[in-house]
Amino acid sequence: MTEAPSTIENASKHVPWNKGKIVGAKPPLRPKHVWSIRTKLQMEGRLRDLALFNVAIDSKLRGCDVVALKVDNIAPSGYAADRASVRQKKTGRPVKFELTEAMRQAVDDYLKASGKKPGEYLFTGRRKCNCSLTTRQYARLLTEWLTSIGLDPHLFGTHSLRRTKATKIESTVRYLGIEVDDALAIAEQIDV
């Protein structure tokens with residue numbers, strides 16, 4: 001009868017799930033990256049992707065909240081509104097955000113081309129049903145966008161998009177020595 005290897009031997013052979021992987025918070029995109037992706041999507045006529053990218057940057061929402069958006073959240077009357085309010089899935093609290101001119105234009109162009117109506121998900125996948133884009137599909141699109149402008153997709157994630165505009169707000173607060181509410185008001189005027 002053979003003995004089973006000791007627990008200590010098994011523990012020393014265990015390879016951590018994150019060995020060789022980049023862990024921790026992924027950085028936000030830089031303004032030049034944002035503009036490169038926007039320009040590329042515009043030139044390729046990818047209206048849905050451009051609207052999705054702009055909404056993700058400007059709304060500062062988590063990926064699960066971005067893909068769950070319905071037309072009513074952004075464009076209740078058929079055209080993108082100046083402001084929107086969405087209840088966050090994780091916290092259950094509502095969050096308000098300003099829709100920049102670039103975001104409104106991208107959403108309006110996408111709605112016109114897609115024929116989306118109130119009650120439908122704003123961003124749907126390739127499936128025929130009116131199902132929302134999944135967070136996994138969203139992450140794959142981001143990988144494609146990053147790769148297309150020469151960035152390593154392992155260095156960024158969907159949370160990077162959420163942090164892109166927020167990082168500018170934080171640095172504005174520190175640099176100018178102003179209150180967060182004032183910085184948010186300034187950020188709504190600035191396009192990234």
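Leaving aside neighbours within four places in sequence, leucine 29 is in contact (heavy atoms within 4.5 Å) with Val34, Ile37, Phe53, Ile57, Leu146, Leu151, Phe156, Ser160, Leu161 and Thr164. The model is predicted, so that local features need pLDDT of at least 70 and side-chain atom pairs count only at pLDDT 80 or more, while totals for chains, interfaces and linings use all residues. Residues are numbered from 1 along each chain as its sequence is written, and side-chain values use heavy atoms, with hydrogens and water left out.

The secondary structure comprises nine helices and two strands; helices (H or I, at least four residues) and strands (E, at least two) are DSSP runs, numbered from the N terminus. Along the sequence, the elements follow the pattern α-α-α-α-α-β-β-α-α-α-α. Of the 192 residues in the protein, 35% are buried, where buried denotes under 20% relative accessible area (1.4 Å probe, protein chains only). Among contacts between residues at least 6 apart in sequence, 59% join residues at least 24 apart.

Helix 7 has 14 residues and reaches 20 Å from its first C-alpha to its last. This span is close to the expected 20 Å at 1.5 Å a residue, the expected value being 1.5 Å times one less than the number of residues. Its buried residues are Tyr138, Ala139, Leu141, Leu142, Trp145 and Leu146. These residues lie on the same side of helix 7 because they cover an arc of only 160° around the axis, the arc being that of the directions from the helix axis to the C-beta atoms. Just after helix 7, glycine 150 takes a positive phi of about 85°.

Valine 67 lies in helix 4 and, at 5% relative accessibility, counts as buried. Not counting residues up to four places away in sequence, valine 67 touches Tyr121, Phe123, Ser132, Leu133, Thr134, Thr135 and Tyr138. The C-alpha atoms of valine 67 and cysteine 131, which are 64 residues apart along the chain, are separated by 9.8 Å.

Note on methods: Buried < 20%, exposed > 50% of the residue type's maximum accessible area, 1.4 Å probe, protein only.
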